[in-house]
Amino acid sequence: MAAVGTDRRPAARGLPRGYRRLVDLSGREDGREAALERLEAELIGCRRCPRLVAWREEVAQHKRAAFRDWDYWGRPVPGFGDPGARLLVLGLAPAAHGANRTGRIFTGDRSGDWLFASMYRCGWANQAESTHRGDGLRLDGAFVTASVRCAPPQNKPTPVERDNCRPWLRTEVDLLVDVSVVVALGTFAWDGALALFGPVRPKPRFGHGAEVAVGGITLLGCYHPSQQNTFTRRLTESMLDDVFTRARELTG
Ligand code: SF4
């Protein structure tokens, strides 16, 4: 495994003006895992977006009746997976009663059930079930994360909240130096990935199965496994598997 700081695309990853790195990538004594742990420790204390802080905590306090015995996470949700990942899966934001409850991205809701079942079928995960942080799920060569780390009302972060949160994703991606393929789940994630790895002109359009080379990685488009898409069969299991199989082909 390469040491933290061996960023393969430094020119494409310039930081925003005035932005201070959350993890010091020049300090090589610790490994990638340790740097990701430090990033997680900083992230979960973030309160940069007042509307989202209020919402995530209100949901955690009032709960859904089916989960009234749960001690909701109610904080920003870190990425999850293999520090040596070649595949990065990028979603929108934690679900109010899913990851905002369990503390692990795409865990505890129907979208996660679809996502991890497909990753399991395609060899990226050791099991299909994703119910809580201690359920034994491990990802092999993959890392799953989100563009915005706090659950937003109606699953709709504002542009300001999206921009507030991007440095967390940028720092996380900087640490995942082996990533060569990014699967964007939905338009929001597609645009976020293009902002992170691009720009590309003209801007490539999102679509299921869309594929574009940008900033040293291959970006794959995939419909989000939301119930809106899976109930209507806009997204089927085989369509999801096709994307993760293609990611396998690309990563070798
Ligand atoms: S959405 Fe991101 S930037 Fe905003 S409070 Fe949550 S972790 Fe912080």
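I would like to start at the ligand, which is surrounded by 15 residues, the closest being Cys46, Cys49, Pro76, Cys150 and Cys165. Two elements, H2 and H5, each give two or more residues to that shell, and H5 gives the most, with four residues. By class, the shell around the ligand divides into 10 nonpolar residues, one polar residue and four charged residues. Please keep in mind throughout that this is a predicted model.

Let me stay with H5, then. Helix H5 runs over residues 159–175, and its 17 residues reach 25 Å from the first C-alpha to the last, which is close to the 24 Å expected at 1.5 Å a residue. Where does H5 bend? The bend, of about 35°, is at cysteine 165, and proline 167 follows within four residues; Cys165 is also one of the closest residues around the ligand. Among the buried residues of H5 are Glu161, Arg162, Cys165, Trp168 and Leu169, and what covers the buried residues of this helix includes helices H1, H2 and H6 together with strands E2 and E3.

Turning to the sheet, we have six strands in an open arrangement, in the order E1-E3-E2-E4-E6-E5, with mixed pairing. The edge strands are E1, at residues 80–81, and E5, each of which pairs on one side only. For E5, residues 211–214, the pairing with E6, residues 217–222, is antiparallel and runs over four bridges, with glutamate 211 bridged to leucine 220 in E6. The hairpin of these two strands has two residues between them, and there glycine 215 takes a positive phi near 55°.

Some backbone details in the loops deserve a careful look. In the loop between H6 and E5 we find both proline 199 and proline 202. The peptide bond from glycine 198 to proline 199 is cis, with omega near 5°, and another cis peptide bond, with omega about -5°, joins arginine 201 and proline 202.

Is phenylalanine 106 buried or exposed? Phenylalanine 106 counts as buried because 27 C-beta neighbours lie inside 10 Å, whereas asparagine 155, with 17 other C-beta atoms within 10 Å, is partly exposed.

Definitions and conventions. Residues numbered from 1 in each chain as written. Predicted model: local features only at pLDDT ≥ 70, side-chain atom pairs only at ≥ 80, totals over all residues. Pairing = 2+ DSSP bridges. Expected span 1.5 Å × (residues − 1). Bend = angle between axes of the 7 residues up to and from the residue. Buried ≥ 20, exposed ≤ 12 C-beta atoms within 10 Å, placed from the backbone. Contact = placed C-beta atoms within 7 Å. Near = placed C-beta within 6 Å. Nonpolar A, V, L, I, M, F, W, Y, C, P; charged D, E, K, R; others polar.
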